[in-house]
Amino acid sequence: GPVNRNTMFQAASVSKLVTALIVHQSVDEGFMDLDTDVNEYLSSWKIPENKFSKQQPVILRHLLSHQAGLPPTNFEYLKSQGIPTLNQILEGTPPALNKPAIPQQVPGEEWAYSNIGYALIQKILEDRLGKPFHEIAGRAIFEPANMDLSTFDYPLRESLAKNEALPHDKYGKLRKAELELPAKAQGGLLTTGEELARLLVEILKASKWESVVFPKSMADGLLHSEKVLPFKMYDQNAQMGLGALLMGEGKEVAFMHNGYNSPGSVCIAIGFPYLGKGAVIMANAANGEALYLEILATLAETYQWPSGQFFRPGYR
């Protein structure tokens with residue numbers, strides 16, 4: 001059927017934004033801090049020591065900002081051998097075919113986008129808080145923000161399954177969702193455009209002490225610049241926050257995260273904390289990025305977003 005306000009899309013890597021908020025809340029509540037060796041929080045799996053982690057252990061600050069020296073790997077697995085556990089994914093053992101969550105360089109030295117870094121954050125949260133990740137996310141984010149159509153639990157329970165938008169590949173062909181792996185924190189969120197936008201509004205409000213749902217410290221954590229990135233994003237200088245990409249300067253700063261899930265789900269969220277403006281666009285098609293860049297360019301022009309021009313085709 002056609003999309004309506006209850007249609008649930010895959011948020012893809014925008015899931016990382018939500019995972020980061022959960023970490024900042026847990027830090028706030030004293031369950032963990034950003035600079036402790038994460039092996040102190042891990043009990044059911046630990047990062048094996050090597051020459052890199054000996055020099056500098058992995059900490060949450062590194063994991064949130066993609067600086068832990070972990071490999072940029074996707075999660076392939078041997079379909080004939082069943083679905084790997086989260087531990088098998090983290091150690092890269094069959095049926096998982098990905099590289100393990102072990103530093104390949106000294107943590108903190110370089111930026112390299114890492115999905116497995118966020119899968120490791122999931123394990124840290126589960127071990128530290130003693131609950132499955134989807135329950136932790138429900139308690140920390142979805143319940144307080146009244147996000148009833150948002151979940152990391154998959155397959156969707158019966159009452160929600162009718163709302164699921166199924167992916168379409170780049171040829172427009174309907175495909176099965178590929179969300180069966182237990183690694184969820186890096187890309188397993190299902191939510192509606194409206195609920196993700198509401199969450200974005202709460203982060204924007206929290207950054208000005210105005211949210212009744214989240215403390216300012218949660219927004220501050222997400223928006224804390226951790227590293228200037230070695231490349232430009234849409235022709236803008238970019239910095240890595242603790243869970244979001246930051247673009248622009250001073251009062252014109254925007255935070256954003258985008259995402260693509262194979263075989264065809266696309267999402268982007270962008271917010272301007274000082275302006276209180278932003279947008280969320282979700283599409284169940286592999287070609288969604290071309291669409292969201294057009295929409296963002298139009299929004300930027302219509303609502304005078306300061307750094308909006310960079311979305312315009314031809315500007316890049």
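Strand 3 (residues 227–233) and strand 4 run antiparallel, joined by four bridges. Strands here are DSSP runs of E with at least two residues, and helices are runs of H or I with at least four, both numbered from the N terminus. Two strands pair if DSSP finds at least two bridges between them. This is a predicted model: local features need pLDDT of at least 70, side-chain atom pairs count only at pLDDT 80 or more, and totals for chains, interfaces and linings use all residues. Residues are numbered from 1 along each chain as its sequence is written, and side-chain values use heavy atoms, with hydrogens and water left out.

Val228 stands opposite Gln239 of strand 4. Two residues separate strand 3 from strand 4 in their hairpin. In that turn, Tyr234 has a positive phi of about 50°.

Strand 4 also pairs with strand 5 (residues 245–247), antiparallel, over three bridges. Ala238 has Met247 of strand 5 as its bridge partner. Four residues lie between the strands of this hairpin, and Gly243 takes a positive phi near 125°.

## Aromatic rings

Rings of Phe, Tyr and Trp (its six-membered ring) pair if their centres lie within 6.5 Å; planes under 30 degrees apart count as stacked, over 60 as edge-to-face and the rest as tilted. By this rule there are five aromatic pairs. Trp111 and Tyr113 have ring centres 6.5 Å apart and planes at 50°, so this pair is tilted. Ring pairs link Trp111, Tyr113 and Phe231 into a cluster.

## Charges over rings

A charge sits over a ring if NZ of Lys or CZ of Arg is within 6 Å of the ring centre and within 35 degrees of the ring normal. Lys79 has its charged end over the ring of Tyr77, 4.2 Å from the centre. Lys16 lies over the face of Tyr118, 5.9 Å from the ring centre.

## Asn98

Asn98 is in the loop between helix 4 (86–91) and helix 5 (115–129). With 5% relative accessibility, Asn98 counts as buried. Beyond its neighbours within four places in sequence, Asn98 is in contact (heavy atoms within 4.5 Å) with residues including Thr73, Phe75, Ile89 and Ile116. A polar atom of the Asn98 side chain lies 2.7 Å from the backbone oxygen of Ile89.

Conventions: Buried < 20%, exposed > 50% of the residue type's maximum accessible area, 1.4 Å probe, protein only. Polar contact = N/O pair within 3.5 Å; in protein donor to acceptor, adjacent residues only side chain to side chain.
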